[in-house]
Amino acid sequence: MAIPQTFIDELIERVDIVDVVGRYVTLKKGGVNLLGLCPFHEEKSPSFTVSPSKQFYHCFGCGKHGNAIGFLMDYAGTGFVDAVKDLAQLAGMQVPQDNVSPAQAAERQQRKEEKKTLADLNAQATKAYKEHLKRAPDAILYLKGRGVSGEIAARFQLGYAPTGDHALASVFPDYADPMLEDAGLVIYKEDTGKRYDRFRDRLMFPIRNVRGECIGFGGRIMGNGQPKYLNSPETPIFHKGRELYGLYEARQAIRSKGFALVCEGYMDVVALAQWGFANSVASLGTACTEQHIQLLLRHTDHIIFSFDGDNAGRKAAAKALEVALAFATDTRSIRFLFLPKEHDPDSFIRDRGEQAFAEQIELALPLSQYLLQVASQDCNLATPEGRARMAHQSRPLWALLPTGALKLQMRDEIARVAQMAREDLQMLWDAHAANASNGYRQRTPQSNQAPAPPSTPTFADDGYPINAQQPAPIDQGYWSEEDMMAPASYDEADLPPAWLPQHDDSRALSHMQGYEPALNTYEQQHMLPDSMFQATDSGYTKNRNSQRGPWQGRGDKDGGKFFRSKDASRSSPTTAKGPLRQRPLRREEHAACILLAHMPLLETLGEQDMTLLCRLPAPDGMLFGLVDDHFQHQGAQSWEQLKPAILAAAPGPLKRLLPHIEAIASHPQMDYEDEFRNVLKHIMIRQLKLEIDEVTQSYETDSQAGAKLRRLTSHLAQLK
C-alpha cells in the first residue's frame, strides 16, 4: 500500500516527536533540546538528544537519527507503513488507502511544484512591497509614529502595497498568470473580466512558516477605513488555522526567554519585538486552534496568551482555554494575561513602558485559576445555587484536561470552591456523564397551566410578520444545526406538518419566528397573499397547508409543536390556537444573513469557496456574488454601512430577511463564527456533489470533464 506523501507530511506536522520518544525514553531538559539514555545502545551518560523545534532525534554515541516515523521503525522494528499507522492512531488521523498509479504520482509531484511556485511568487511580492515602502513617506511616518525602527521593519520584512489596481503588474512579467490568483495576490472577476491587486494602500506584513518561506500576507490599513486587516485567502500553502505570525522571527527569543507570548494582532507582535519582547506571535485573524498550540509546544512548554480586557478579548480567551486544556499536562505551563480594557499590547507598552508590561506578564493567571473564573461566570458563590451552577459549568472544562496530577488537583479545587466533598462532586459528574451517554437531554418541565393566548402579530408592508423579540445566537449545545435548518432543497409540500423541532427553547425558536423560506419561484417569494398569515378566534383561514389535514398549534409554551385535532374527522373548521406556524430559513439564507450582518467573516473564506457560493442557484448565488464584489471594492463594512448599497442592488430577495439580519448584527461576530462555518460546510458539500453529478453525466461529451471532476473532488475532499 502506497501512502500519499501529503498525508505523511501532515502527520509529521501533527505529532510531536517529544511525545513519541517520551513514551519509551526518559527525557530531561538540556538547554534547548531534551536529553536521555539512547535506547539503541548501552550507555551510562546521556548522548541521545531530541529537538522539539526541528522535530528530530540524534544520538552522538551510535549515530542513530531521524524523525518520529524513523524512531518507531528503529525502536519497535516495524515497517514504514506500520509506523505510519501507529503515529496516525496517536494523532487521531485515518491513513488513506491509496494505491498510487503513475498518473497520480505525477499529479502529486505537480502539486508539490505548484506549492514551491506559490512561495516563490510571494517572495517576489515581498521584495516589491519592501521597495515600495522605501518610497512611501506616509507609511514610513506611520511606522515611526508607532515606535517601529528600521531594524525591526527589516527583521519582519515589512512593506507597503501602493494605491492603484495594478501595482504588481510591474513586478510579474505575466500579470494574467492564474498562479497569481492561486497565491492570493491578484483577484480576477469573471463577470467583468477585470484583474486587480488584492492589497492596495496597505502596510504589508509577510507571513512566514517555520522554514522562512513567505506563505501569505496581512495588510493593515493606516487610516480609519475597513477592514482594518486584510489577509491572504486560504491557498495550497497558507492555512490560517495552522500558522502563527512572527513564529519564524521569534524562535530564538522563545528559547532564550523560556516562553511564547501569544497576541491578537500583527502590530502587537512588531511593537513588542521593538520593546524587547521578541518572543511574541499572533494568530492570523482566527481563534486559537489545536494546531496553533501544537506548533508552539514544539518550541516551548510555557505559553502565555495575551488578550485585551474588553468583552471580545474575554470571549477569545475563553475559547483559547477550551483548546489549551487538552494540552495542559503536568509539565507544561499555560497562562492568561488580561490588559486593561482601553489597551492592547501595542498601546500598553508604548504608554507605560517595558517594565510595566513585564510586571503584567508576571501577574498572568495560571490556567487552573482561569478555568475556575470561567466556570464561575454568572455564579453567585455565596449561595448554594451559585455553587451548584459552578460545579455544573466546570465539568465539561475539567473533562478536557489530560489524565494526570493537574486533573486530580483541579477536581479537588472545584470541590473546595463548590463546598462539596470531592467524592460527592465526582459522583454527580459521573451520573451526568452516564445520562449523557444514554442520550438523555435535560428539558424545562412543562407547566400544567394552559398556555397564555398569543399576542397579535405585527405585519410589515409586504404581509410578512415581524418578530418583536431579538433572537439570540443558536445554543449549539442544546439545538443541533439539523434541528434549526431546513434542507437546502426545502419545499413545504415535501415536509410533514409537524416538521418543526420538538423542543421547548424560546431563544432558539425566536430565530425562526417571522421568516419564510424561499419557494420554487421568485414570484412566489413575494406575492404570497396576506390571508395566509391571518388568524381569527372563529376559525382559520384556508391556505396551502390546509389541504394536508387539520393541524393546530399548541402555542409558545409547547415550543411551537403541532398536533392533529381530536375532531379531525369533522367537516367543520377547527379554531387555530396559538401562533401560526412559521417556516424556518434555508441554510443558504441563514448563511447569507450572517455574512451580511458580519461581513468580516468573508475573510475566513478561500477564493475557491467564495467562487462556489457564487455559483449557487438564484437568488442565493447572486446574493453571495453581490457581497463578494462589494467586499473587494469597499472592504468589510458594518451592516449599517452595507445596508443601503445592498438593498438598492437586490431589494426583493433581502426584504423579508431584514429582521433576521438586524437581529444577528446586534450580537458580536464571535457568537456566529462556528455556526457560520458549519452551515457553509453543509451548503458547499451539497453544491459540490450536485456539480460532480453534472460533470459525471457529461463525461463523454465534455473534453474538460476530467479536469473539472478532479478540481471538484479535490475541493470536496478538503471540506470533508
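Predicted model: local features only at pLDDT ≥ 70, side-chain atom pairs only at ≥ 80, totals over all residues.
Biologist: What makes the contact between Arg 208 and Glu 249 a salt bridge?

Modeller: The N to O distance is 2.7 Å. The cut-off is within 4 Å, so the pair qualifies. Arg 208 sits in strand E9 and Glu 249 in helix H9, 41 residues apart. Both Arg 208 and Glu 249 are buried.

Biologist: Why is the pair of Lys 319 and Asp 674 called a salt bridge?

Modeller: The closest N and O atoms are 3.8 Å apart. The limit is within 4 Å, so the name applies. Lys 319 belongs to helix H12 and Asp 674 to helix H28, 355 residues apart.

Biologist: Why is Lys 319 called partly exposed?

Modeller: Its relative accessible area is 22%. Buried means under 20% and exposed over 50%, so Lys 319 falls in between. Asp 674, at 36%, is also partly exposed.

Biologist: How do you know that Arg 422 forms a salt bridge with Asp 412?

Modeller: Their closest N and O atoms are 3.2 Å apart. That meets the cut-off of within 4 Å, so the pair counts. Arg 422 is in helix H18 and Asp 412 in helix H17, so the bridge ties together parts ten residues apart in sequence.

Biologist: What makes Arg 422 and Asp 412 partly exposed?

Modeller: Arg 422 has a relative accessible area of 40%, and Asp 412 has 29%.

Biologist: Which residues do salt bridges with shared partners join into one network?

Modeller: Arg 411, Asp 412, Arg 422 and Glu 423. The structure holds 23 salt bridges.

Technical notes
Residues numbered from 1 in each chain as written. Heavy atoms only, no water. Salt bridge = Lys/Arg side-chain N within 4 Å of Asp/Glu carboxyl O. Helix = DSSP H or I, 4+ residues; strand = E, 2+ residues; numbered from the N terminus. Buried < 20%, exposed > 50% of the residue type's maximum accessible area, 1.4 Å probe, protein only.
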